[in-house]
Amino acid sequence: MTQSILSMQAISKEFPGVKALEQVNFELNPGEILALVGENGAGKSTLMKILSGYYPEGTFTGSFAIAGSPCHFRDIKQSEQAGIVIIHQELALVPQLSLAENIFLGQECTSSWGTIDWEQTWTQAEALLKRVGLNHHPQTLVKHLAVAEQQLVEIAKALGRKARILILDEPTAALTEKESQRLLDILRQLKSESVACIYISHRLHEVLAIADRISILRDGRTIGTYPRAEMSEDRMVALMVGRDLVDRFPRKIRSPGPKMFEVENWGVKSESSDRQVCHNISFSAHQGEILGVSGLMGSGRSELFMNLLGLWGHRIGGTLKWQGQDLHLKSARDAALHGLALVTEDRKRYGLVLGMDVKRNCSLASLQSFTRGWSIDSEREIQAASRIVEELQVKTPSLEQKVGHLSGGNQQKIVLGKWLLTQPKLLILDEPTRGIDVGARYEIYKIMNDLVDRGVLVIMISSDLAEVIGMSDRILVFHEGRVAGELSAAEASQERIMAMATGSHKS
């Protein structure tokens, strides 16, 4: 019988007011791809932080061993020395440094004189880049690479550290379908080279495509580990959430009302250059509908809506109307005062202040309504935040908990709640369910339906084709800065959307 490359036994971990892990058992075999799935807050990230040395010996109970040897890591460096490398959803690269410098950062190739041996650095980096299918010169700066290519640099960096166990946390969250398939192919190649991989993802179809076995956590406990052949998406969902989700996309049948939001001949230039990213965009959104927006990354969809609300770029002509009246927005604050809100795609960078608590993050966008003179009415602020936490079922030990310590799904609910407190007339959701689990997604979909029932116009931008088709009444498809086409819910299919998004659609 083959000895496990990793064995974790009876792992438990507590935070103030929260039991994150309770008696978790976990095993990984050499050259195996093991998927780790569960809802946000199930304990996946905490378990991997213990394995990677982020939470050192003594901060948790239980034990684990690598290839039969007990481990007592005091920090991340000791974990890496044992051959464990974790690649986080938020990439840890330095944009201003070259690919080679990033790959060997902290483990530089040195000469006998103690200086950096650049010739060896370039040579070894080039070999590692080729191993992951990147043909860029090692001296290329990271900032010039696409997100998918940066993900491959992270893998090359891990291989440079002689990883025996590679942990990937939501590696395809920001990638297109084609880029995701390329990444999965590389993982299969690494598997053939005996690199063991722990694959964490909420994209269940990818889990079924790549995993040898699937381990499921729920509420900090091990539910079980199953061969891929015994698993389906529906069974995974039921095991993750502890119940069957009969309809993962609870779209309602609606009759759209009059035009509420109209954009005509809108153009957008980049903030940092003269490059035009949107060309003569025209569309309308109606009362009582969810308008879906699809398209490949870089197609101009997010840039358009950020520009419309005064958040990014420079407008090149065009008109904007609300209920038939011209609208002239000078800033994001101006948009908010008119009842137009945008839940941005990058919640950690643009949506939250991670060092602030739940209460203050909830009230930030509507702080003016909680002030009396020069002071904040704390009682009213607490009541409002409590209402958001209860209505959106946010899992937090208290309103004083720092948002940065919440799971991704709960962070997303706080961003959404922040804008709900402004009582918006239009809510634009950019990738509202990226990186969150099926249970939290379902709750967000129900919130979208409730908002539309209350008269709020909802526009949803998403890369998830099943989500766009499942929740939208109409779908706009973007291609290279233009609207390539529009589909009704009845007309939409993944094939038709992709044909428009890639420019291969024939009118």
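How many residues lie between strand 11 and strand 12 in their hairpin? I looked this up in a predicted model, and I found 6 residues between the two strands.

**Entry: strands 11 and 12**

Strand 11 comprises residues 259–269, and strand 12 comprises residues 276–286. The two run antiparallel and are connected by 7 bridges.

I then asked why strand 12 can be called largely enclosed by the rest of the structure. Of its 11 residues, 8 are buried, so I recorded the strand as largely enclosed.

**Entry: cysteines**

How many disulfides does the model contain? With sulfur atoms required to lie within 2.5 Å, I recorded a count of 0 disulfides. I checked cysteine 71 individually: the nearest cysteine sulfur belongs to cysteine 197 and is 18 Å away, and cysteine 71 is in no disulfide.

Is cysteine 71 buried or exposed? The cut-off for buried is under 20% relative accessible area; cysteine 71 has 9% relative accessibility and therefore counts as buried. I applied the test to cysteine 278 as well, and its 0% relative accessibility means that it counts as buried.

**Entry: helix 9**

I turned to helix 9, residues 301–308, and found it mostly covered, with 7 of its 8 residues buried. Which residues of helix 9 are buried? I listed Arg301, Ser302, Leu304, Phe305, Met306, Asn307 and Leu308. After helix 9 comes glycine 310, and I noted its positive phi, near 75 degrees.

**Entry: helix 13**

I checked the span of helix 13, residues 378–391. Its 14 residues reach 20 Å from the first C-alpha to the last, close to the 20 Å expected at 1.5 Å a residue.

Which residues of helix 13 are buried? I recorded Glu381, Ala384, Ala385, Ile388 and Val389. These residues lie on the same side of helix 13, because they cover an arc of only 135 degrees around the axis.

Finally, I inspected the position just after helix 13, where glutamine 393 takes a positive phi of about 55 degrees.

Terms used
Residues numbered from 1 in each chain as written. Predicted model: local features only at pLDDT ≥ 70, side-chain atom pairs only at ≥ 80, totals over all residues. Heavy atoms only, no water. Buried < 20%, exposed > 50% of the residue type's maximum accessible area, 1.4 Å probe, protein only. Helix = DSSP H or I, 4+ residues; strand = E, 2+ residues; numbered from the N terminus. Pairing = 2+ DSSP bridges. Expected span 1.5 Å × (residues − 1). Arc of directions from axis to C-beta.
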